[in-house]
Amino acid sequence: MNHHEATTLLHDVEEVRRRVRLDLEGLSFPLLLFGVLLLGGAVTVVVVSGLALAVYWAVAGPAGGAATAVYFYRRARSEGVEPDGLLPMAIGLGIIGGSFLVYALALRVDATFAAATPFMVVAAGSTMFALVERELRFAGVAVGLGLTATALGLSALTPMAVSATLSVAYGVIFILYGLTFRRSTRDRR
Amino acid sequence: MSHPSNGLDDTVHQRTRLGILTVLAEARRADFTYLKTTLGLSDGNLSRHLQVLADAGYVEIDKTFDNRKSRTWVLLTRQGRQALSDELDHLVALIDRVR
C-alpha cells in the first residue's frame with residue numbers, strides 16, 4: 001500500500017462519516033420542540049403563576065422527552081440507521097430530574113436564584129448534548145445561556161421576571177438554532 | 001521498526017469493508033438497505049462483504065421482522081471497533097511516514 005492509496009482510503013472514511021453524521025443529526029428536533037415548550041412556559045408564568053410553571057414543566061418535561069424518544073425511534077426505523085441513544089437519554093433524564101432537584105434545594109436559600117437554577121441545569125445539559133453532537137458553536141451558546149441564567153439569578157429581579165425572561169430567551173434561541181441545524185443538514189446532504 | 005503496512009488487517013483493509021465498519025462505528029446499528037445506499041453497493045456485493053466481516057467477528061447480523069417484512073440490522077462488535085481503530089491508526093502512520 002502506498003501513500004496515495006492510504007490518503008484516498010482515509011478521505012473515503014471521512015466522507016462516509018460525514019454522511020452518516022448528517023443522517024443521524026440529533027439536535028434540531030429537540031431544540032424546536034423544547035423551544036416551543038419554553039415559550040409556552042413563559043406564557044404560563046406570566047398569565048398564571050410560578051407554581052403553575054412548576055406543574056407545567058412536571059408534565060411538559062417528561063412529555064417532551066418521550067416525544068423526542070418516539071421521534072428518534074421512528075426516524076431510525078424509516079431511515080435504517082439508529083443512533084446510540086443511551087447517553088442522550090441519560091442527559092435528558094438528568095436535565096428533567098436535576099432541574100427539579102436543584103430548584104427545590106435552591107428555594108431554601110433564595111427564590112430569585114432558585115427560579116434561575118432549572119435554566120442553569122438546562123444550559124449544562126444542552127452543552128453536553130452539543131458536545132455529543134460535535135456542535136461546538138452551540139455548546140458555546142449553551143454556556144452563554146447558563147451564564148445569563150446565573151447573572152439573572154443573582155440580580156434583584158423577581159422570581160417571576162427571571163423565569164419569564166429566561167423562558168423567552170432560551171425558547172427563542174432554541175428555535176433559531178433548531179431551524180439553523182435543520183436547514184444546514186438539508187443543505188449539506 | 002516494521003513498515004506500517006505490515007500491521008494492516010486484510011479483512012478490514014478493503015475500501016468497502018472499511019466503509020461498512022465506519023458507518024457502524026457512527027451508529028448503534030444500521031440496516032442492510034441503509035448500508036447499500038450509503039456505500040453504493042449491490043445486494044450481492046454487500047452480502048458478501050458482510051459475511052466476511054461476520055466470519056471475522058467484526059459485525060453481528062440481526063434479522064428481524066418489521067410490519068411482516070424481514071429486515072436485516074447490522075451491528076459493530078467490540079472486535080470490529082478495535083479492528084477499525086487499528087486500521088485507521090495504520091493508515092495515518094503510513095501517511096505520516098512519507099511526510
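In the predicted model, A:Met160 lies in helix α7 (residues 159-188) of chain A, helices being DSSP runs of H or I of at least four residues and strands runs of E of at least two, numbered from the N terminus. At 42% relative accessibility this methionine counts as partly exposed, a class lying between buried (under 20% relative accessible area) and exposed (over 50%), with a 1.4 Å probe and protein chains only. Together with A:Val43, A:Val46, A:Val47 and A:Val48, A:Met160 makes a nonpolar surface patch of about 480 Å², to which helix α2 (residues 28-47) of chain A gives the largest share, three residues.

Residues are numbered from 1 along each chain as its sequence is written, and chains are lettered from A in the order in which they are written. Because the model is predicted, local features need pLDDT of at least 70 and side-chain atom pairs count only at pLDDT 80 or more, whereas totals for chains, interfaces and linings use all residues.

At the interface, 27 residues of chain B are in contact with 25 residues of chain A, contact meaning heavy atoms within 4.5 Å. The two chains bury about 2,300 Å² between them, 64% of it on carbon and sulfur atoms, and B:Glu26, B:Tyr34 and B:Ile95 supply 27% of the area that chain B buries against chain A, more than any other three residues; buried area is the accessible area (1.4 Å probe) lost on putting two parts together, summed over both.

Five salt bridges are found across this interface, each a side-chain nitrogen of Lys or Arg within 4 Å of a carboxyl oxygen of Asp or Glu. A:Asp12 forms a salt bridge with B:Arg15, with the closest N and O atoms 2.7 Å apart.

Conventions:
Heavy atoms only, no water. Patch = residues over 30% accessible without salt bridge, like charges linked within 9 Å, V, L, I, M, F, W, Y side chains within 5 Å. Areas by Shrake-Rupley, 256 points an atom, 1.4 Å probe, with all protein chains shown as cover.
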